[in-house]
Amino acid sequence: MDKKLIGVDLGGTTIKFAILTEKGEIQQKWSFETNILDDGAHIVPDIVESINHHLNLYGMEPEQFLGIGMGSPGTVDLEAGTVTGAYNLNWKTSQEVKKVVEEETKISFAIDNDANVAALGEQWKGAGENDKEVAFITLGTGVGGGLVSNGELLHGLGAAGEIGHMVVQPNGYLCTCGNHGCLETYASATGVVRVARDLAEEFAGDSKLKSALDDGQEITSKIVFDLAKEDDLLGKMVVDRVCYYLGLACGNIGNLLNPSSIIIGGGVSAAGVFLLSRVEKCFLEFAFPTVRKSTKLKLAQLGNEAGVIGAASLALRFK
Ligand SMILES: [Zn+2]
């Protein structure tokens, strides 16, 4: 009989869980708020307790599961199953995640970085259509990403797939990583607003966005995209600039990896085809001719579920 998978998506505000079949169909899901008090000391015990509670509730035994897979923020040591430097969880020191979860649930456990896991989810059950060559970019409060090649995540020596820190503008905006001109500084939700503020300074024409910024109103990337869709001149300039950098990044990813698809997800991607078509125009400018023909740009399909689905797929390695 086919075994089940458990996917865990650990985030700074909620922890999401799902029980899936080996084919990736979600059968049960639940979530609860992340308790980051006491240096995040409650997080792993809470996860273990919640899994054991739900297995009990559904009358399931550990033997019925192939494994548990989890996506986590911070720096993940894949072999040791530990996480360090996950500041939104208050995890400053190394956390023994794998050891504790395996001991307490009696189920095999695998872990990877949250953006990598979302990439696996989209590659397996989302826009990637289970193709073996897929790149994924997520545009949220930061810009993350993951690269799947030959069906496996690329890790390099640990930090591969840091698409957000691809430099798209030498001497550009200062990034939280200490470098200048990273994609994240332009294409994250905060990056879009930063571009808007900068372009507004030199902009002299008629624009609702310009007036809102000058008035000191709170601007979000969604407002910028919505105004651009309404033909706001400054809004369109901001979107064009952001899409130029995204297209440049996608062109370079395509030229390096030639995946079948580069999938764009995350909050900013809610702008949909309006965003995608503009990124694609720039991508086609920068992509190598054969890449231009073979690599397709797509919008993510799984939304919030990419994390639990991709995390669960980590457990397929225990087959
Ligand atoms: Zn950076």
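Predicted model: local features only at pLDDT ≥ 70, side-chain atom pairs only at ≥ 80, totals over all residues.

**Overall build**

Next I looked up the secondary structure and found twelve helices and 13 strands in the chain.

I then checked the dimensions. Along the principal axes, the C-alpha atoms of the chain fill a box of roughly 65 × 45 × 35 Å. The radius of gyration is 21 Å, which agrees with the value near 20 Å that a compact globule of 319 residues would have.

For the surface, I noted an accessible area of about 14900 Å² for the chain, with 50% of that belonging to carbon and sulfur atoms. On the burial side, 50% of the 319 residues count as buried.

I also looked at contacts in the chain with a separation of 6 or more: residues 24 or more positions apart account for 61% of them.

I picked out an open sheet of five strands, ordered 11-10-9-12-13, with mixed pairing. Which strands stand at the edges? They are strand 11 (152-153) and strand 13 (296-299); each has a single partner strand, so one side of each is left without a neighbour in the sheet.

I stayed with strand 11 and looked at how it meets strand 10 (residues 143-149): the two run antiparallel and are joined by two bridges. In that pairing I found serine 149 opposite glutamate 152 of strand 11.

Technical notes
Residues numbered from 1 in each chain as written. Heavy atoms only, no water. Helix = DSSP H or I, 4+ residues; strand = E, 2+ residues; numbered from the N terminus. Rg over C-alpha atoms; globule rule 2.2 N^0.38 Å. Buried < 20%, exposed > 50% of the residue type's maximum accessible area, 1.4 Å probe, protein only. Contact = heavy atoms within 4.5 Å. Areas by Shrake-Rupley, 256 points an atom, 1.4 Å probe, with all protein chains shown as cover. Pairing = 2+ DSSP bridges.
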